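This briefing is intended for readers who wish to relate a sequence to its fold.

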Amino acid sequence: MLTEQLLSIGVNHFLTISVILFGLGMFAVMTRKNAIVILMGVELILNAANINFLTFSKYNGGMEGVMFSLFVIVLAAAEAAIALAIVINIFKTFKTVDVSSVDTMKE
Amino acid sequence: MFEMPSGAEIQSIISTLKGGAGYFIPEIYLSVLFMVLILLDLVTGKKNRGLLATATIAGLLGSVYFIFKQQTMPDVQFFFGMYALDRFGIFFKYFFVASGILAVLTTMVDDQLKKHESGMGEYYALLVAMVVGMMMMASSTDLLMMFLAMELVSLSAYAMTGYLKREPRSSEAALKYLVYGAVSSGMLLYGFSLIYGMTAETNITRISMVLAAHGYDPLVMILTVLLIMAGLGYKMGAVPFHFWSPDVYEGAPTPVTAYLSVASKAAGFAMLMRFFFVAVPHGFDMYVSPLHIDWLSILMLVSAASMIYGNVVAIWQKNVKRLLAYSSIAHAGYLLLGIITMDQLGTQAVLVYLAAYLLMNYGAFYVVILIANHTGSENLDDYKGLGKRMPLLGAALTVFLISLVGLPPTFGFIGKLMIFSALLAKGSLFMWLALIGILTSVISLYYYMLIPLNMYLRESNTPEEGVITTGMGAKIVTASLMILTLWFGLFFQPIANYAKYSTAIFGAFLN
């Protein structure tokens, strides 16, 4: 009974979760002002893509998607390292990580 | 579920990799150069600016030899279809090495970076890493490789933009570049994942075969194309993915601005051409119904919006770096016109235009740096009366700006002429785009010519006498860039022929 329910989870369930994650990520990026929260939103977008890759890999039978998502995880870590370095530098210079107040250049 | 490979399989994988490495020598060489530069910086300590710059230029020149040797090799895809060696890639390899060398030359004269207290070691290493990344962007034939190459370029570029750590504008530019870059690369990745879902392939040639054989859902396809366009449009700096560019161009150290505006944009175009020409089905005959939007219609809108927005907003700019940023948005629009034609003539025109853009934009930024070294700002008002005090630089800047407008007898004119003639050769279908292009070029004449107007015809509020001296090396670089811009404006045939030869690989995919 339980296994039947588990087996009925198909590609659509995974894709729905992925789309929801992507939407939440975009929402965070567009509405939040804190640089750290924006970067968290980016992580959500990357992980939404990862779920897609793994799902398609499982249902298409190839291994490319798994490989792709491994590389994406590594890249997300590299990007987070550079991003946090830049944000720390911003905090040292501007004493804030609010992206709307870090806006000295005008038209 | 997946069995471990046997010993024989591993042996065959290793021999494939060894075979592929023979086609990968320029990239390997430049990766080694990257590490050598870091080590050189560690060994020589703080007083090494001249040495590091010289080593970088020598190293980049050395890579030309390896690229030249590749010209006799046949076109191949290697590393399990991840990467290709072909004429198109080789053209861009030359292009990126040239832009890397020019970036080092511009860095050498920049006072702001000279005064930077914590050394320049990582800067040159990052510059070389970006050259490698851009070469890979132009030659990758696999979604994974494309994404990795693009991230290599982006991550190096973020660090270079924020290189002046104590300068608030530089840090702010880095933050903006990072936020927009991270989001758009996430969207690109999501688009790639959808393509992988539709086709179960990551190699672009096989993707096009699967899409042609099995068809696809147009709605999913248009969504995918939009997501991928967001990622590539960010690299190209085209409307509506341009929000980062004015602030980043203004805040970043000027040599980095020049490098981003030319090289990273060209890499975006190279990837766009390879991806959309090869992977995604196209052609107007397939879409008779006007309700169907294909990637070409999207590109047309992006191109028209870029030309109009970039040129119109540039009129009000008071900062020359910011003005050039808006002009670079407009140039992305002109370059897209060549891609929209979807034929060899248009692709050839794009390559010629990029070569022209390399010379004229670097030239303009080079002079802007030399002037900023003296005046300490990039404001248009500070250019007043400078023409008489720096005769060579004034003349050179005027030539570069005329070339950016696209007036004869300069290289920029040839580029624009080829793009518009390729567009008009397709008939009346693209007439409206050509009209927008020509009208916006007229607008651009106004704001570009504001700079010479200020330099020659207006007097400074605080008049000073005497000629401003610049170093001999700077004079030689400025003069040779100016002469090349004029020379290729008259004798453009070799470059046009080479560009045509480089686009031949798309023969089967273009109509």
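The notes below are grouped by topic.

The model is predicted. Chain A has 4 helices and 0 strands, and 36 of its residues take part in the contact with chain B. Within chain B, helices α17(B) and α20(B) pack with their axes 10 Å apart.

**Chain A: fold and dimensions**

- Along the sequence, the elements of chain A follow the pattern α-α-α-α.
- The C-alpha atoms of chain A occupy a box of roughly 60 × 30 × 25 Å along the principal axes.
- Chain A has a radius of gyration of 18 Å, whereas a compact globule of 107 residues would have one near 13 Å.
- Buried residues make up 30% of the 107 residues of chain A.
- Of the contacts in chain A between residues at least 6 apart in sequence, 45% join residues at least 24 apart.

**Helix α3 of chain A**

- The 26 residues of α3(A) should span 38 Å at 1.5 Å a residue, and the end C-alpha atoms of this helix lie 37 Å apart, so the two values agree.
- A:Gly61 follows α3(A) and has a positive phi, near 90 degrees.

**Contact between chains A and B**

- The contact draws 36 residues from chain A and 31 residues from chain B.
- On the side of chain A that touches chain B, the elements giving two or more residues are α2 (11-31), α3 (35-60) and α4 (64-94) of chain A.
- Helix α4(A) provides the largest share of that side, with 16 residues.
- By class, the residues on the side of chain A that touches chain B comprise 27 nonpolar, 7 polar and 2 charged.

**Helix packing within chain B**

- A pair of packed helices is described by the angle between the axes and the distance between them.
- In chain B, helix α17 (residues 391-405) and helix α20 (residues 472-490) pack at an angle of about 35 degrees, and their axes are 10 Å apart.
- The crossing of α17(B) and α20(B) is left-handed.
- Helix α17(B) contributes B:Leu392, B:Leu393, B:Ala396, B:Val399, B:Phe400 and B:Ser403 to this contact.
- Helix α20(B) contributes B:Lys475, B:Thr478, B:Ala479, B:Met482, B:Thr485 and B:Leu486.
- The contact of α17(B) with α20(B) consists of 8 nonpolar, 3 polar and 1 charged residues.

Notes:
Residues numbered from 1 in each chain as written. Chains lettered and ligands numbered in written order. Predicted model: local features only at pLDDT ≥ 70, side-chain atom pairs only at ≥ 80, totals over all residues. Contact = placed C-beta atoms within 7 Å. Nonpolar A, V, L, I, M, F, W, Y, C, P; charged D, E, K, R; others polar. Axes fitted to C-alpha atoms, helices over the stretch in contact; angles between N-to-C directions. Left-handed = near helix turned anticlockwise from the far one by under 90°. Expected span 1.5 Å × (residues − 1). Rg over C-alpha atoms; globule rule 2.2 N^0.38 Å. Buried ≥ 20, exposed ≤ 12 C-beta atoms within 10 Å, placed from the backbone.
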